[in-house]
Amino acid sequence: RTLERHLPPRGRRHDERRRRRPRDFVRGTAMILAMSTVAHACRYPASARPGRTLEHPGRRVIPAAMAGRRARAVAVRSVDDAKDDDSSAEVDARADEEAEQPRRTFGSDVEAIAARGLAGALPEVDERLRIAMRGEAAGSRADTDADALDAKRAAARAEDQAVDIVACLKQTGALRGYGAARLVPRRDYALSELKLNGIEAEKLLSPTESTISGLRDVLGRAALVLVGGWVLSSHPSGAQVTGVLASGAAAFAMDQVAFAGGLEALALDTLAQATSRTYVARLGLHEAAHFLVAYLMGILPKGYTLSGADAYREYGALNVQAGCAFCDGSFQAEVAKGKITSGSLGRFSCVALAGIGMEYVEYGFAEGGVADVRQLDGMLRALAFSQKKSDSEVRWAVLNTISILRRHEGTVRKLSERMAAGASVGECIRLIEDSLGDDV
């Protein structure tokens, strides 16, 4: 203390700070440790301290410290989970859709018919579908008189009743396959993914119609040969030749304008049916695939024709081609409102591509079905889909449809034979139900 009194003021203050420095260091260190402990406790709750784990049944166990700033436990898929997802994800869309649908209530008459079982209910379905097909024929003839309008109203009521009976049979468990198709996951697929599944989109989505085109070329050359032979043998005047050519051109133009080429299509189809067994078999598989996929996707087939002549006898109109007709009143109502659900669009896309899909599965390329592709393309354009969105919808529909057809390839062949024999819609449904395996 004697020395301190002789030190200058600045020296004394410096010496005091040096004596306090160890105490300040201890206090600062303690404060830092306390703040670190508080921050650590806020970051990791008591249930998720570093070194502990959060367990998830069926998932790989991960340290909680890896869960991020807010301690959110992230489930990591194991290899086994990925393999399971490949099989389970395909049914997720259908399972979720069925789970969301409440149990329907039907009229007493519908429930009474469904209570008879398939043997008693399917003939009733056939009877109502025949009435619906007569209304389809009236619509094709474009009649506007009172009788035609009454037939259309009766057809609409009969179609609704047929759909309700089948839906009631489905709800009671009598029909297992109706609307029960296992779907592939809904997402964007690349062309490379389609190829990995053995699908070459360019061979499927570009039908050639080689049989009909070949017959058209043959008939055109035959007509030229006949006209040339007539000119060489009879030596007609120029006015006569001009008159014959003008008559042919006028007949062709009238067919295109009045019947949308229906007369030409009828003649070519009839000739192909008579000269090519491959054409007949291909057409049978094509329509059977439409029928099967529609049924499995939850759309009731209304009727079918396998030739242009059958279509003319059924509908009485030249502008109707052979094919399947469906009970699509709900879809048409959505179209009229301008609001189509994703599920309805997916079903429509799969049914439209089913015919060319079966031709691809059986022959490696599609020949018929140009009208189906144009119809689907027109629908997507009408919905103002972008090119990317349209491609996504078509690729999903292609993969889903081909998957269904490959699982039920044998059923399609049996159905084709039964349809060629003139079986009713109810008989075809019974065949499908009897042929279904465990994997729908």
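The side chains of K302 and E159 form a salt bridge, 3.0 Å from N to O. A salt bridge here is a side-chain nitrogen of Lys or Arg within 4 Å of a carboxyl oxygen of Asp or Glu. This pair links distant parts of the chain: K302 lies in strand 3 (residues 301–305) and E159 in helix 6 (residues 146–172), 143 residues apart. Helices (H or I, at least four residues) and strands (E, at least two) are DSSP runs, numbered from the N terminus.

This is a predicted model: local features need pLDDT of at least 70, side-chain atom pairs count only at pLDDT 80 or more, and totals for chains, interfaces and linings use all residues. Residues are numbered from 1 along each chain as its sequence is written, and side-chain values use heavy atoms, leaving out hydrogens and water.

By the salt-bridge rule, the count is 17. R186 and E393 make another such pair. R186 sits in the loop between helix 6 and helix 7 (191–196), E393 in helix 17 (residues 387–407), and 207 residues separate them. R116, E124 and R128 are linked in a network of salt bridges.

| Salt bridge | N to O distance |
|---|---|
| K302 and E159 | 3.0 Å |
| R186 and E393 | 2.9 Å |
| R116 and E124 | 3.2 Å |

Exposure comes next. Buried means under 20% relative accessible area, exposed over 50%, and partly exposed in between (1.4 Å probe, protein chains only). K302 is buried at 6%. E159 is buried at 12%. E393 is buried at 8%, whereas R186 is partly exposed at 37%. E124 is partly exposed at 24%.
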